Amino acid sequence: LSNPAELLSETSGEEKDWAEAKAFFDNLKTNKPRPPKPRFAVTIAVSSRTLFNMVAERKIYEEEGVEKYVAYQVEHENEPLKPGAAFPFVKALMNVNSRLRELYPDSEQLFDIVLMTNNHAQVGVRLINSINHYDLTIERFCMTGGQSPIGYLKAYMTNLYLSKDSEKVTEAIEEGIAAATMFTPQTEIDLSSTQLRVAFDGDAVLFSDESEIIVKKHGLDTFFEHEKEFENKPLAQGPLKCFLEALGKLQRKFYEKDQRLDCPIRTFLVTARSAASSGARVLKTLRSWGLEIDEALFLAGAPKGPLLQKIKPHIFFDDQMFHIEGAKELGTIAAHVPYGIGQKYNRSKLIEQPPKKE
């Protein structure tokens, strides 16, 4: 490994410039695979406050200002940040990538994780040190120095954006990008280390809010009548339909290798709809889109938290804060999708505070 040019010549048979040689050897030294090319990848953009627990640091920023905040981060840059709400999700994405590389060594169809943050570049060293400490494969950064990063999401070909900032998430959804505001559960539960488990609400998440509008304006009886009448008419797509579609493409790569029963991605539909009176339309909609869902759970208005406690998803998407709070209380990592008519009826926000010192 002492002669980059010689080894590169042996592996490729072509002359490469020094920048390429350096990148090649950097990968060898860190034992980290190269990130996939964005046009082939499923790109997941996460903010620094979702990937890591930065509640205490955020308090310094809000109470003492940006200069004190940056100085604190620089002073503590050799101390790894603690894992945040999105950390288990990111680890699960990396596990799927490892499985895909075993089956398709040269494939670029992988998850590509991007750190998308409005942090200042001076904070970057602590973020890099923390990422390396936990051996996370995150090579692409976007640090906007206090400005909103939303304008960069399309340039990064983002398939899903996760943040702690509900305003930025709303802005991303308005730009047509799947996005959600993440919350840390009140208790921790053991999550699968071998299978990525993703749970979706239906209306205003996978599907549009057209049916919820009928419920809010005209009541359940009219809603049931409407769903029966239009059972064979597919619902319009919601903000996270494209992410389920991306998951499905990667799932099919395992199915093609006869690994359906050992697929490291599993998806769940967890809906307040009742199966008999309004379930057929959502299943027929998924079928019309050419999408599969591994498990469809119709709760007929029952609380979602206890069921999610059994599913143990790495992330659960819902448009209503009532369900987010119920999931959070029972240990589920929940992500709020601020979309649809439900936002007009529930404006509550959850604000995390640093733990009190005893």
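I looked up Lys 59 first: Lys 59 is partly exposed, at a relative accessible area of 32%. I use buried for under 20% relative accessible area, exposed for over 50%, and partly exposed for in between (1.4 Å probe, protein chains only). The model is predicted, so I kept its limits in view: local features need pLDDT of at least 70, side-chain atom pairs count only at pLDDT 80 or more, and totals for chains, interfaces and linings use all residues. Residues are numbered from 1 along each chain as its sequence is written, and side-chain values use heavy atoms, without hydrogens and water.

Next, the partner. Lys 59 meets Glu 63 in a salt bridge, 2.5 Å from N to O. A salt bridge here is a side-chain nitrogen of Lys or Arg within 4 Å of a carboxyl oxygen of Asp or Glu. Glu 63 is exposed, at 55%. Both residues sit in helix α4 (residues 55-64), 4 residues apart, about one turn of the helix. Helices (H or I, at least four residues) and strands (E, at least two) are DSSP runs, numbered from the N terminus.

Then I checked Lys 304 and Asp 201. Their side chains form a salt bridge at 2.9 Å, N to O. This pair links distant parts of the chain, 103 residues apart. Lys 304 is in the loop between β10 and α13, Asp 201 in the loop between β8 and α9. Both are buried.

Last pair: Arg 266 and Glu 295, with closest N and O atoms 2.9 Å apart. Arg 266 lies in strand β9 and Glu 295 in strand β10, 29 residues apart. I found Arg 266 partly exposed at 26%, and Glu 295 partly exposed at 27%.

My search of the whole structure gave 18 salt bridges.
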